[in-house]
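I opened the notebook to record what I looked up about how the chains meet. The entries follow the order in which I made them.

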Protein chains: 4
Amino acid sequence: MQSQQTVSLDESKEILDAAESKAQELGVPMNLAVTNNEGNLIGFRRMDGAKLVAASIARDKGYTAAAVKKPTEDLKEGSEPGGDVYGLQSTDDNRVVTFGGGIPLEVDGEVVGAVGASGGDVSEDIAIAGAGVEAFEASR
Amino acid sequence: MQSQQTVSLDESKEILDAAESKAQELGVPMNLAVTNNEGNLIGFRRMDGAKLVAASIARDKGYTAAAVKKPTEDLKEGSEPGGDVYGLQSTDDNRVVTFGGGIPLEVDGEVVGAVGASGGDVSEDIAIAGAGVEAFEASR
Amino acid sequence: MQSQQTVSLDESKEILDAAESKAQELGVPMNLAVTNNEGNLIGFRRMDGAKLVAASIARDKGYTAAAVKKPTEDLKEGSEPGGDVYGLQSTDDNRVVTFGGGIPLEVDGEVVGAVGASGGDVSEDIAIAGAGVEAFEASR
Amino acid sequence: MQSQQTVSLDESKEILDAAESKAQELGVPMNLAVTNNEGNLIGFRRMDGAKLVAASIARDKGYTAAAVKKPTEDLKEGSEPGGDVYGLQSTDDNRVVTFGGGIPLEVDGEVVGAVGASGGDVSEDIAIAGAGVEAFEASR
């Protein structure tokens, strides 16, 4: 057997609360997702006024960060033309997001889930997802 | 112009809190979704231990109830062999769920969103989605 | 955090060996799948001469049994016309298989994965998936 | 009539054993696939801890290498902007992988299947798929 840890619903609420607060502070309505260790959705919030397109992107950023075990921004360079894995963005049923805003949740070096944020520009998405990750780490 | 009312993120949280409480009371881990007037996801929670298959079904029950403007259980009879809309379940990119657990949220006779619940048997799903709808109505 | 157990690659090999032996004994070339606790594929074998259509069905039986936490044959009655969840077979991106041949792997009452078998008639598929489950239980 | 040769299940096991050993030697948990001459999956293994995203990519690398009858890395240059087949990565239902890690299995100059490996960086994926191909050739 493999024993795995994965984020709980209660933890996802704390993470989403923190990400939502950060989004309010920045004044950017966001789509926010928390996924478990296998990339499946545990919690989701679409803030009032948040862009519709970003709903599935937030979810897929959460999926991607859990499924590749690193932040989605780390996929950017390699998936650009000339990069090692150019074309990655159209693999895995197009669920792979190759720009920032998806960040894994880690415990003792293992990925237990991920946060995905989408709705602002990429730096805002990263900051907001990051606020969720920080809240998770602070609560442990 | 058309003016439309749709459920807010804050209202979705109250709805999900009430549905989650009902699920805990019944002892059935659920997937819970709130969609807006256009059937798009506003809030989602997968309770610890809830069946994976029911995650997309909860979302699609919420989609369906908003998109057809009635409870999903009202589609059951018509979508059976011999029914008026037999085959409905495989239309609209298979997002139409034709058994109970999706219920519209209404204000002044207009559909402003919906609740979807999946994870138990159909009567439990209906009761739990109904608890969400009641909380929404009580808060107004 | 939620702590979860899931089947390992080594365990999947023992399960597939047992299912393959049973298929040889019955003289039916099979597609055989083992999925983890979240329904994702861990191991797969298509025996020489096994039907192509049954490759995705075996995988989806494994997905379904893990995702609904029961044998796929238990979905048959309810998903028939007149059943409680008629229409279930076209939910969840059509991955739900509602006839026999997918069986969960359980440890201490928790689903840690599943076996899916497809290629024979349903009773053969069930017997062959069952041989895999038995080998898993015997090895613990 | 056409007579075709294709890899057997037993051969796929030897190939996967060799690829798995190589992955253990390199310390990189991999997703490993063997496809037949028509690109369909014959054998699959997801090693403990291997990235989820790489499961479908390994399968699709195996599909691609069989379907284009060359290593997937040979598609890289042509599918880049300015290349002869730019856009290839989003054809054929997005199953075409245009970076390394898929290698055909050949007998007497005919493609009889392919190996796909995904989970490490591209050079690791190529080395591990290559170990599978070598084992196949050595066994003949």
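**Entry 1: chain D against chain A**

I looked up the contact first (heavy atoms within 4.5 Å): 21 residues of chain D touch 20 residues of chain A. I note that this is a predicted model, in which local features need pLDDT of at least 70 and side-chain atom pairs count only at pLDDT 80 or more, while totals for chains, interfaces and linings use all residues. Residues are numbered from 1 along each chain as its sequence is written, chains are lettered from A and ligands numbered from 1 in the order in which they are written, and side-chain values use heavy atoms, with hydrogens and water left out.

I then took the buried area (accessible area, 1.4 Å probe, that two parts lose on being put together, summed over both). Chain D and chain A bury about 1700 Å² between them, with 53% of it on carbon and sulfur atoms. D:L52, D:V53 and D:F99 provide 29% of the area that chain D buries against chain A, more than any other three residues.

For charge pairing I used the salt bridge (a side-chain nitrogen of Lys or Arg within 4 Å of a carboxyl oxygen of Asp or Glu). I found 1 salt bridge between chain D and chain A. It joins the side chains of D:R46 and A:E38 at 2.9 Å, N to O.

**Entry 2: the relation of the copies**

The copies use different surfaces, as 19% of the contact residues of chain D recur in chain A.

**Entry 3: chain C against chain A**

Here the contact takes 18 residues from chain C and 18 residues from chain A. The two chains bury about 1400 Å² between them, 44% of it on carbon and sulfur atoms. On the side of chain C, the residues that lose the most area to chain A are C:M1, C:Q2 and C:E38, together 47% of what that side buries.

Strand β1 (residues 2–6) of chain A pairs with β1(C) in the antiparallel sense over 5 bridges. In this pairing A:Q5 stands opposite C:S3.

Terms used
Pairing = 2+ DSSP bridges. Helix = DSSP H or I, 4+ residues; strand = E, 2+ residues; numbered from the N terminus.
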